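Hello,

Here is the structure I promised to pass on. Please have a look at it first, and then read my notes below.

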Amino acid sequence: MTEAWRPEDDEPRGASGPVRVRVPAKVNLHLGVGPLRRDGYHELNTVYHAISIYDELTARRGDTLTLTMEGEGTGELALDDSNLVLRAAHALAGYAGVMPHARLHLRKQIPLAGGLAGGSADAAAALVACDALWGTGLSRDELAGIAADLGSDVPFLIHGGTALGTGRGEAVSPVLARPTSWHWVVAIADGGLSTPQAYRELDRLRETGAAGPPLGSTDGLLAALRQRDPRVLAATLGNDLQDAALAMRPSLAATLKAGEAAGALAGIVSGSGPTCVFLTADAADAERVAVELEAAGVCRQARIAHGPVPGARIT
Ligand code: C5P
């Protein structure tokens, strides 16, 4: 007996129309940096948090692999094979054994080299979008495995929410927290900072005894996340890379001071900087702090955001 013919047998797998994926920026509520490892990375003990500033990647069928973009960083960001979006598409195609053919378009709102993991977010979006476009149907864990080879933050941006990151940051596990929305002000600086340089600067500061004491355990922060009080959370935020970012960009001290003077509960440098993020008591306070930060002229732009939000998702 022959099997019945089904119309879908002759159709290519995957989506025929465009696939649009939205992916958030990340901040580190706690970024504990351990010693430099032999592979050139530092051992991390971090709590990632995805916030509502998004990039969007649209994938369409094509005869080759191309990338175009608009928004933040247009004209600055290379669109050749060094771009993490194209590296992600190639990595997925290689893993799944398909041709890496797609027309990709990126709409960026996350600044380049800002400490918000914008490039990593775009790579996560490319994995999710191409997986749907090509019908490769990988699990989130399989995608996270490919993501880890692309960058330490990429697996987190597949998952989103609030999560603990260990290893070099690529080993991610969700954090148990009350379903609370936290209100942030994100002060975006002019220009970026290099992440490898920030880590090198921290090593140098530690060697010369000029760095502050390391943050240590995430226990205090994790306990604060189980409560609903932003004041409690504010007291536990911390970033070992902050001293390095301040040494490389001393003007960030004025940004942090201005945010706290405007009524933020706490301000920290996000990741390797230069973006500074401020926790506020509620949405109205966030609006006020953002207006004051912009008026003080201590950042290029102040945006409000909330978190946690999901990772890379098809819209
Ligand atoms: O993993 P990713 O490519 O995003 O990291 C960029 C750079 O940041 C690394 O090349 C390394 O210099 C530094 N880094 C580090 N330790 C980590 C993560 C990143 O030293 N855990």
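For the charge count, Lys and Arg are taken as positive and Asp and Glu as negative, while His and the chain ends are not counted; the place of a charge is NZ of Lys, CZ of Arg, CG of Asp or CD of Glu. On that basis the chain has 28 positive and 36 negative side chains, and the centres of the two sets lie 2 Å apart.

Please keep in mind that this is a predicted model, in which local features need pLDDT of at least 70 and side-chain atom pairs count only at pLDDT 80 or more, whereas totals for chains, interfaces and linings use all residues. Residues are numbered from 1 along each chain as its sequence is written, and side-chain values use heavy atoms, with hydrogens and water left out.

Overall fold

The chain has 10 helices and 12 strands; these are DSSP runs numbered from the N terminus, with helices being H or I of at least four residues and strands E of at least two. The radius of gyration is 20 Å, close to the 20 Å that the globule rule gives for 315 residues, so the chain is as compact as a globular protein of that length. (That radius is taken over C-alpha atoms, and the rule is 2.2 Å times the number of residues to the power 0.38.) Along its principal axes, the C-alpha trace spans about 75 × 45 × 40 Å.

Of the 315 residues, 51% are buried, where buried means under 20% relative accessible area, exposed over 50% and partly exposed in between, with a 1.4 Å probe and protein chains only. Among contacts (heavy atoms within 4.5 Å) with a separation of 6 or more, 76% are between residues 24 or more positions apart.

An unreviewed UniProt entry annotates residues 222-297 as "domain: GHMP kinase C-terminal". UniProt positions are given in the numbering used here, feature names are shortened, and annotations may be inferred rather than shown by experiment. That span is 51% helix and 14% strand, and its end C-alpha atoms lie 34 Å apart.

Helix H3 (residues 140-150) has several buried residues: Leu-143, Ala-144, Ile-146, Ala-147, Ala-148 and Leu-150. Their cover includes helix H1 (84-96), helix H2 (118-134) and helix H4 (154-159).

Gly-161 sits in the loop between H4 and strand S5 (162-166) and counts as buried, at 17% relative accessibility. Leaving aside residues up to four places away in sequence, Gly-161 touches Tyr-48, His-49, Ala-50, Phe-156, Pro-308, Val-309, Pro-310 and Gly-311.

Backbone points to check

Most residues other than glycine have a negative phi, and most peptide bonds are trans. With that in mind, here are the places I would point you to.

- Pro-308 lies in the loop between strand S11 (301-307) and strand S12 (313-314).
- Gly-273 and Pro-274 are also joined by a cis peptide bond, with omega about 5 degrees. Pro-274 is in the loop between strand S9 (266-269) and strand S10 (276-280).
- Ala-113 has a positive phi, near 45 degrees, and is found in the loop between strand S4 (102-108) and H2. At 46% relative accessibility, Ala-113 is partly exposed.
- Ala-117 lies in the loop between S4 and H2 and has a positive phi near 60 degrees. Ala-117 is buried, at 12% relative accessible area.

Best wishes
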